[in-house]
Amino acid sequence: MPNGTQTLAPMESTGRFLQPVWDLRHGYEDWLMSPLFPVFLSIIVYFGECIPFMMVDLYCSHQKWYLKYKIQPDKEVTLPQIWDTLSLTFWNHVLFIMPAAMAQWVWTPPTPLPELAPTLWEFVWQQFAALLIFDFQYFVWHWTHHKFRFLYRTIHAVHHRYHSPFSWVTQYLHPWELITVGFLTTTNTWFFNCHCLTTWSYMLVSITVSVEAHIGFDFPFLPSRWFPLGFFGGSPKHDMHHQKPLTNYQPFFNHFDRIFGTFCPPMSAGGVKSKALQDYERKTRETKKQA
């Protein structure tokens with residue numbers, strides 16, 4: 001048996017829905033226990049999710065379906081833009097992510113791999129709770145870096161160089177913002193003493209939701225269409241934040257933006273403005289005239 005494992009009585013794993021998935025680790029324990037595993041997993045998933053959308057932007061931009069679902073169809077994603085965002089992403093990973101990963105590899109002990117998988121309930125609620133916590137944390141960070149001009153110009157303005165986001169804009173960040181997001185994402189599962197399978201899944205969900213928020217499309221299969229009452233923002237909402245930077249500070253959900261009056265109705269596929277967005281823009285113009 002590998003180090004850190006114990007013989008498991010057959011009845012102990014009975015009824016654990018995720019146990020067959022967790023049992024796939026056998027034979028790969030040395031890889032999975034390494035502190036570098038979640039780092040490389042995150043990098044592979046991030047690049048694996050961005051590359052298909054990059055290819056779509058480069059080679060499908062004149063097709064009808066592309067223009068139908070693009071939120072800002074009049075904005076073209078060009079090769080120089082992709083090169084710019086990829087260059088910053090590359091250097092951020094070389095100069096900041098990889099040194100941090102190597103330090104983690106040296107000082108962090110191997111990840112313990114329990115024999116039992118998490119229960120399905122633990123697996124779901126702990127990830128959702130961690131997303132809610134990150135959403136609040138980044139809402140505060142985001143609002144602060146827009147309201148204080150020094151912070152915006154020095155740090156967050158990097159991310160806003162593109163008013164029409166595309167996939168690689170997801171991590172087109174000043175190093176301080178990248179480090180902050182990485183730290184919060186890594187530590188939020190510590191609140192719940194999560195199973196490592198839950199932690200890894202949460203990291204991948206966070207990456208997927210973040211990429212989806214920046215792709216610049218409003219496809220009918222996106223998560224923002226799944227949640228009732230507009231609870232989840234998704235790509236349309238965050239795309240509007242890049243158009244109107246003093247709105248829509250929450251990265252994933254909408255409740256704090258609605259409570260604090262920073263919610264702006266999103267633009268939908270094909271650049272269509274809903275009545276709610278038209279009313280919002282009309283009220284904003286009237287408020288500016290009265291000021």
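In this predicted model, His160 touches His142, His146, Tyr152, His241, His242 and Pro245, leaving aside residues up to four places away in sequence. One of these neighbours, His146, is also joined to His160 by a polar contact of 3.3 Å between the two side chains. His160 lies in the loop that runs between helix H7 (149-154) and helix H8 (175-187). Its relative accessible area is 5%, and because the cut-off for a buried residue is under 20%, His160 counts as buried.

Gly261 is found between helix H11 (255-259) and helix H12 (275-290), and with a relative accessibility of 63% it counts as exposed. The C-alpha atoms of Gly261 and Thr247 are 8.5 Å apart in space, while the two residues are 14 residues apart in sequence.

Turning to helix packing, helix H3 (residues 37-59) and helix H9 (residues 196-214) pack with their axes 10 Å apart, at an angle of about 25°. Angles under 35 degrees count as roughly parallel, and H3 and H9 are therefore roughly parallel to each other. The crossing of the pair is right-handed. On the H3 side, the contact is made by Phe37, Pro38, Leu41, Ser42, Val45, Tyr46, Glu49 and Cys50; H9 contributes Trp200, Met203, Leu204, Ile207, Thr208 and Val211. Sorted by class, the contact of H3 with H9 comprises 11 nonpolar, 2 polar and 1 charged residues.

Key:
Residues numbered from 1 in each chain as written. Predicted model: local features only at pLDDT ≥ 70, side-chain atom pairs only at ≥ 80, totals over all residues. Heavy atoms only, no water. Axes fitted to C-alpha atoms, helices over the stretch in contact; angles between N-to-C directions. Helix = DSSP H or I, 4+ residues; strand = E, 2+ residues; numbered from the N terminus. Parallel < 35°, antiparallel > 145°, perpendicular 65-115°, else oblique. Left-handed = near helix turned anticlockwise from the far one by under 90°. Contact = heavy atoms within 4.5 Å. Nonpolar A, V, L, I, M, F, W, Y, C, P; charged D, E, K, R; others polar. Buried < 20%, exposed > 50% of the residue type's maximum accessible area, 1.4 Å probe, protein only. Polar contact = N/O pair within 3.5 Å; in protein donor to acceptor, adjacent residues only side chain to side chain.
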